[in-house]
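Here is a short briefing on a protein model. Have a look at the sequence and the fold, then read on.

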Amino acid sequence: MIKDFFKTNYAKNTLYILIVALALRLLWLALIPVVPVSDSIMYHEFAKSISAGNGYAYPEGHLTAYWPVGTPAIYAFLFTVFGESFLIIAIFNLIVGLLTLVLMMALAKLWFNEPTAYIVGVIYALWPSQIQFTTILASETIFNVFILLGIFFWYRPESNKYSNWIIASVFFVAAAYVRPIALLIPFIIIGLSFLRGFDFKKVFSSAIITVITMAILITPWAVRNYNLFGEVVLISTNGGPVFWMGNNPDSTGEYMPLPEDLYFESETERADYFKSEAVKHIKAEPGIFAKRLVKRFVDYYRSENIGVNWNIEGIKQQGWDKAVLPLKLISSAFWVLLVLLALYGAVNLIRKEGWFNALTVTPIFALIAYNTTLHTIIASGDRYHFPIIPFIGLLAGYSLFSLYKKKNPAEYYLNL
C-alpha cells in the first residue's frame with residue numbers, strides 16, 4: 001500500500017496530505033478559541049496601533065523597536081484589510097502552515113526524493129505543536145515560512161540565478177523583520193556554496209546582490225529607528241536583554257522578565273546596559289557560563305510544550321484543564337521522537353554521501369548548528385527551537401524513508 005502511494009501522482013499525493021493537515025488544523029480551531037497570552041498580547045496591541053495609524057507603539061503611545069516589527073505589521077495589514085479579528089489571524093496561520101508543508105515537501109523532493117517528500121509532508125501535517133500554533137499570535141511559524149521561501153528560491157535549479165538570489169534575499173529580509181537571526185542565514189548559504197565549488201565569481205555576485213537587496217529593504221526601518229533613537233538600530237533592540245536573560249546571576253538559561261526598578265533614557269541604552277551586564281557576568285563566572293551552555297543545549301531539545309502553554313487560556317476556557325498534561329506529553333514525545341529520527345537520518349546521510357557532501361550540498365546541518373549554537377549561548381527553551389523544526393522534519397523524513405527502504409529494497413536514490 002505504501003509502495004503504491006509512493007508511485008502515484010505527486011500533485012495528487014500532496015493534495016491528500018494537505019487535506020489531512022487542513023482538517024486537523026480546522027478541528028483544533030473549532031475546539032480551541034484564540035486567547036492571547038504572553039507575547040501574543042503585545043503582538044495584538046502593536047498590530048492595533050499600526051492599523052490605527054499610530055505607528056509601531058505601545059498602547060500608551062510610546063514608539064518602540066524592542067520586538068521585531070514583522071509579525072505585528074503583518075497582523076496590522078490583516079486588520080486593515082479584513083477588520084480586527086482573531087479569526088483572520090487563525091486563517092492566516094492556517095495558510096502559513098499549509099505553505100510551510102508544501103515548501104518542506106518541495107525541498108525534500110529536491111534534495112532527497114519523492115517518497116521522502118511524502119513522509120515529510122505527513123510528519124508536518126500531524127505535528128502537534130504546528131497544529132496548536134493555528135490559534136496563537138506568534139512569530140515562530142511566520143519566520144519559518146519566510147526562511148523556507150528564501151531557501152526554496154535560492155536552491156531551485158530552474159530560472160535565472162540572479163533573480164533567484166534577489167527573490168530569496170527578499171524573503172530572508174522578511175524573515176529578519178520577524179526575527180533578526182535571519183540576517184546571517186543568506187551568508188551561511190553563500191559560504192556553503194563557496195565550499196562546494198570555490199567559485200569566487202559566483203560567491204562575489206551572490207553576496208553583492210544579497211547585500212544590496214537587503215540594504216534596500218532594511219534601510220527605511222533603520223532610518224526610522226535612527227530618527228527615533230539617534231543611533232543605528234537595524235531591526236530591534238531586544239538582543240541585549242535576551243542575551244542577559246540567559247546570562248545573569250539569577251538566570252535559569254531560559255526566558256525571564258527584565259528588572260522593573262531600572263530607568264533608562266532609551267531602549268538602546270537599556271539594550272547596551274543588559275548586553276554589558278551579560279558580558280560582565282560571563283567574564284566573572286566562566287564556569288557557570290560553561291554549565292549553562294550544557295543546560296541551554298539540553299533545554300533546546302528536551303521538550304516542545306510551548307504550543308500548549310500559549311493555548312492554555314483557550315483550553316481552560318473550554319473546561320479542558322485535564323487535557324493540558326496529556327497534550328504536553330504528546331507534543332513533547334512527538335518532538336523527541338523526531339529529533340532521534342533526525343539524528344539517525346543525519347548519520348545515514350553522512351555515511352552515504354560522505355561528511356563533506358552531506359554538510360554542504362544542503363543547508364540543513366548548517367542551519368541546525370547555527371540556531372542551536374546561537375541559543376546555547378544566548379537563551380534557550382522549546383520556543384527557541386522552532387527555527388530548526390523544518391530541518392528536523394526533513395531529516396526525520398529521510399530517516400523513515402531509509403528505514404522503509406531497508407525493509408523494502410527498491411530503486412530509490414538520493415538526488416544529491
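E254, K295, D299 and R302 are joined in a network of salt bridges. A salt bridge here is a side-chain nitrogen of Lys or Arg within 4 Å of a carboxyl oxygen of Asp or Glu. The model is predicted: local features need pLDDT of at least 70, side-chain atom pairs count only at pLDDT 80 or more, and totals for chains, interfaces and linings use all residues. Residues are numbered from 1 along each chain as its sequence is written, and side-chain values use heavy atoms, leaving out hydrogens and water.

**Salt bridges**

- By this rule, the count is nine salt bridges.
- Side chains of opposite charge can pair when their charged atoms come close.
- D299 and K295 form one of these bridges, at 2.6 Å from N to O.
- Both sit in helix α14 (residues 286-301), four residues apart, so about one helical turn separates D299 from K295. Helices are DSSP runs of H or I with at least four residues, numbered from the N terminus.
- D299 also pairs with R302, where the closest N and O atoms are 2.7 Å apart.
- D299 is buried, at 5% relative accessibility. Buried means under 20% relative accessible area, exposed over 50%, and partly exposed in between (1.4 Å probe, protein chains only).
- K295 is partly exposed at 34%, and R302 is partly exposed at 40%.
- E140 and R179 form another salt bridge, with their closest N and O atoms 2.8 Å apart.
- E140 belongs to helix α8 and R179 to the loop between α9 (161-178) and α10 (185-197), so this pair ties together parts 39 residues apart in sequence.
- E140 and R179 are both buried.

**Nonpolar cores**

- A nonpolar core is a set of buried Ala, Val, Leu, Ile, Met, Phe, Trp, Tyr and Cys residues joined through side-chain atoms within 4.5 Å.
- The largest one has 121 residues, and Y75, I147, I151, I185 and I392 touch the most other members.
- Helix α5 (residues 86-111) gives the most to this core: 14 residues.
- A second, separate core has seven residues, among them W28, I32, I131 and I312.
- In soluble globular proteins, nonpolar side chains tend to be buried together.

**A buried loop residue**

- Where is T134? T134 lies in the loop between α7 (128-132) and α8 (140-155).
- T134 is buried, at 2% relative accessibility.
- Leaving aside neighbours within four places in sequence, T134 is in contact (heavy atoms within 4.5 Å) with R25, W28, L29, A90, N93 and L94.

Notes:
Helices (H or I, at least four residues) and strands (E, at least two) are DSSP runs, numbered from the N terminus.
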